[in-house]
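Welcome! Take a look at it first, and then read on.

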Amino acid sequence: MIRLETLTKLYGSFVAVDDISLAIEPGELFGLLGPNGAGKTTTLRMIAGILRPSAGRVFLGDADVHQAPLVAKQRLGFIPDRPFVYEKLTGAEFLRFVAGLYGQEGDIVERRIAELLEVFELTSWRDELVEAYSHGMRQKLIISSALIHRPACIVVDEPMVGLDPKAARLLKDIFRQFTRRGGTVLMSTHTLEIAEAMCDRIAIIQRGKIAACGTMDELRRQTAAGNVSLEELFLRLTGGVEAHELAEVLGDAP
Amino acid sequence: MSQPSLVRVLEPKWRTLLQRLRETRDEGWGRPLGLALVGALFWVAAFGVLYRILKYFRGVEELGPLLAGKLLGLMLLSFVSMLVLSNVVTALSSFFLARDLDLLITAPVDWLRFYLAKLGETLVDSSWMVALMAVPILAAYGVIYHGGWWFAPYAVVTILPLLVVPAVLGSAITLVLVNLFPARRTRDLLSVIALGAAAGVVLVLRLVRPERLARPEGFRNLLDFIAVLRTPTSPFLPSEWASQAIMTFLHGPLDMLPLVLLWSTAAALVTIGAFLHARLYAQGYTKAQEGAERFVRGGVWGWAVGTLLRPLPVAKREFVLKDVKLFFRDATQWSQLILLAVLVVVYVFNVKALPLFSGEQIPRFYVTLVAFLNLGLSGFVLASIAARFIFPAVSLEGRHMWLLRSSPLDLRTLLWSKYWVGTAPLLVLALALTGATNLLLRVPPFMMAVSLAAIVGLTLAIAAMALGFGAVYPRFETENAAQIPTSFGGLVFMMATIVVLVAVIVVLSGPVSAYLNSLYTGRPIRINARIVGAFVVAAGICAAATIVPLRIGLARVERYEF
């Protein structure tokens, strides 16, 4: 459903994403991991059509995101890491606006808005301006907006940031049900426990390149790491900090 | 524990400024050179006008220095009033809403250092433009009254406390207001108060017709006139002290009292300001964290606009609806309508006040000429309005581009919506403005038709250029829409608009002069190929100035990366 072909992004001479190829199938929940600055967000923003790749192509289904953007983007729900929403719209107005961008209107949209606000416990806030929302509430609103048009695939950057435990659990359930019904989810995250528990496959990006990719078992085989956790694998692949270095940074307690 | 210096506290600010300068240098010299050129032109023009006035005053026995002093006092008074208003608005963001506040407040910086640093930041942010405007004015005084080289440092010493006083007053007013209202409400309130006050000053200044005061024959006798000039506007105003300090230096005898008054007042106010800050800031800052607007329901007008837009495709309709809602819910945006109303009233009033129909009958020739030139002025008024309302449209979408770019929204729809949301009201205004002024001028039907057709073409072009230039020179990081038109791109847009206005007027001057000729000779006008050609060329210029900027804007928006 999501296919990346030799995807590359350059900022001047800096290579942010270096020749990445991936295929994520319908019904699959795929995790993208990597240290800060590894190129995860850039990759996701290229898939969402916000950034233009320097080379390579992105397909959602059979539509190229940059050649046939209107067809490709109809299938996509994108959840960014920073929840910038129009501050002077109410939650319901924002969702109605987003539905309009996808060409949807009328009673179906109104029902869907009520349904999503109910699920994310925002019903009592539906007529309040977004500027009054907390960070977590904005994140919930953006997640609702990504689901409003019933997309075929969801691309999500750091989904759990700002969510309370209940909402985080809800989101996990939504993603599971979504993939069970044939949807595709690509998410980047730093929460390794969540990636390990939820993702069918995982790719670890390091300096713009895929350092390893596969199921947990495949990753262990590729790194010859034995039966270790994803955290161990991640640190081996990306280079962890030794305990004595940490002690030096923290210094003596006052 | 030793405290960081003021320079250290303000480091993020000046380092950002340095980095911006570096980026400007890396982008090439075109932009700074353009800005320097426009700045220099402004300075030369301001200097030239004032030089002529002061030269004339100098030639008037006895009254000359009095008039010059009065004029300086008035200019400085208007500067101080503007500065108090702008300091109030700036202080709100630097003391209460700025992004560096979390860092500074959690750091162990003492309150006095914090106050002085933020006061300095407020002062520089709100006063630099006024300080630059003062340079050609004071230079003209220095040159006419032979102030010599010592006048420059003397003027700096005089003007500096005049900048400190409004900065302290402005930030103190803000401090009190924030303690009374939540900061977001205060910001809305202030935008309205500031613009309302500015609009009021402009209206009053214009409606009292100050040009009549320039004619001494309007007074009963000369003694009355001199008596008015000799009385200071108010002996307690710092602007009056500054004016006296400068005039006594230039015209003698030198009096140090005004200077002492200025500096001691500034010092006393800073002390009082610091005291107020120590007492009220912590509470105000806490209040500034609260207070967003709550509960908005679509009213009757929302339903009416929605119904009106029903025939549009859903994406366009929702986009237009969203833009209209955001505009009327954001006080920093809609409050600019107050200025717009004043601009229109002053403009129509000026046309009405023209001495065309007073006393003897002025030939139709001049009326028609004035009506034609009125076209250029109306165009300029429309350009200023477009700069305020249409130019920032693309920049204001910056933070939300993730949504627009990841959705299947055709970017042409985005520009289409932005264009018509801006153009429709502008067109109504343009037709009303031109129609009303033409009726006041009692122009003949030919001129009415030409000017209405021309203003429609120009409005379509001006709106397209505002949107196009706004897309080419976006300011995504700015939160306040009112600051966007004063950017470099805004300047380029205004200059480009003037070029188009001049081009259309020059082209149309052919048919209009043929018409004037026929009025003069009394023979009917002959429509020939040249006249038709001129109309076609004018229409062509307007069409090109509409289509090209929109296309360039679209190409630019498609290339944005976030």
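**A first tour**

In this predicted model, helix α18 (residues 411-441) of chain B packs with helix α19 (residues 445-472) of chain B at an angle of about 150 degrees, and their axes are 9 Å apart. Angles over 145 degrees count as roughly antiparallel, so α18(B) and α19(B) are roughly antiparallel to each other.

- The crossing of α18(B) and α19(B) is a right-handed one.
- Sorted by class, the contact of α18(B) with α19(B) has 17 nonpolar, 6 polar and 1 charged residues.

**Another helix pair in chain B**

- Helix α4 (residues 63-97) of chain B packs with helix α7 (residues 151-180) of chain B at about 45 degrees, and the two axes lie 7 Å apart.
- That angle makes α4(B) oblique to α7(B).
- On the α4(B) side, the residues making the contact include Leu76(B), Val80(B), Leu83(B) and Phe96(B).
- On the α7(B) side, Ile159(B), Leu162(B), Pro166(B) and Gly170(B) are among them.
- By class, this contact of α4(B) with α7(B) has 17 nonpolar and 4 polar residues, with no charged ones.
- The crossing in which α4(B) passes α7(B) is right-handed.

**The sheet in chain A**

- Chain A has an open sheet of 6 strands with mixed pairing, in the order β6-β7-β8-β3-β9-β10.
- Its edge strands are β6 (76-79) and β10 (209-214) of chain A, each of which pairs on one side only.
- From one strand to the next, the twist averages 15 degrees.
- Strands β7 (residues 153-157) and β8 (residues 184-188) of chain A run parallel and are joined by 5 bridges.
- Ile154(A) has Val185(A), in β8(A), as its bridge partner.
- Helix α1 (residues 40-47) of chain A packs on the sheet and touches β3 (29-33), β6, β7, β8 and β9 (201-206) of chain A; the direction of α1 makes about 150 degrees with that of β7(A).
- Helix α6 (residues 165-180) of chain A also packs on the sheet, touching β3, β7 and β8 of chain A, and its direction makes about 145 degrees with that of β8(A).

- His400(B) sits in the loop between α16 (364-389) and α17 (401-406) of chain B.
- Is His400(B) buried or exposed? His400(B) counts as buried, because its relative accessibility is 10% and the cut-off for buried is under 20%.
- Leaving aside residues up to four places away in sequence, His400(B) touches Phe84(A), Val85(A) and Tyr86(A).

Note on methods: Residues are numbered from 1 along each chain as its sequence is written. Chains are lettered from A and ligands numbered from 1 in the order in which they are written. This is a predicted model: local features need pLDDT of at least 70, side-chain atom pairs count only at pLDDT 80 or more; totals for chains, interfaces and linings use all residues. Side-chain values use heavy atoms; hydrogens and water are left out. Axes are lines fitted to C-alpha atoms, for helices over the stretch in contact, and angles run from 0 to 180 degrees between N-to-C directions. Helices (H or I, at least four residues) and strands (E, at least two) are DSSP runs, numbered from the N terminus. Angles under 35 degrees count as roughly parallel, over 145 as roughly antiparallel, 65 to 115 as roughly perpendicular and the rest as oblique. A crossing is left-handed if the near helix is turned anticlockwise from the far one by less than a right angle, and right-handed if clockwise. Contact means heavy atoms within 4.5 Å. Ala, Val, Leu, Ile, Met, Phe, Trp, Tyr, Cys and Pro count as nonpolar, Asp, Glu, Lys and Arg as charged, and the others, Gly among them, as polar. Two strands pair if DSSP finds at least two bridges between them. Buried means under 20% relative accessible area, exposed over 50%, partly exposed in between (1.4 Å probe, protein chains only).
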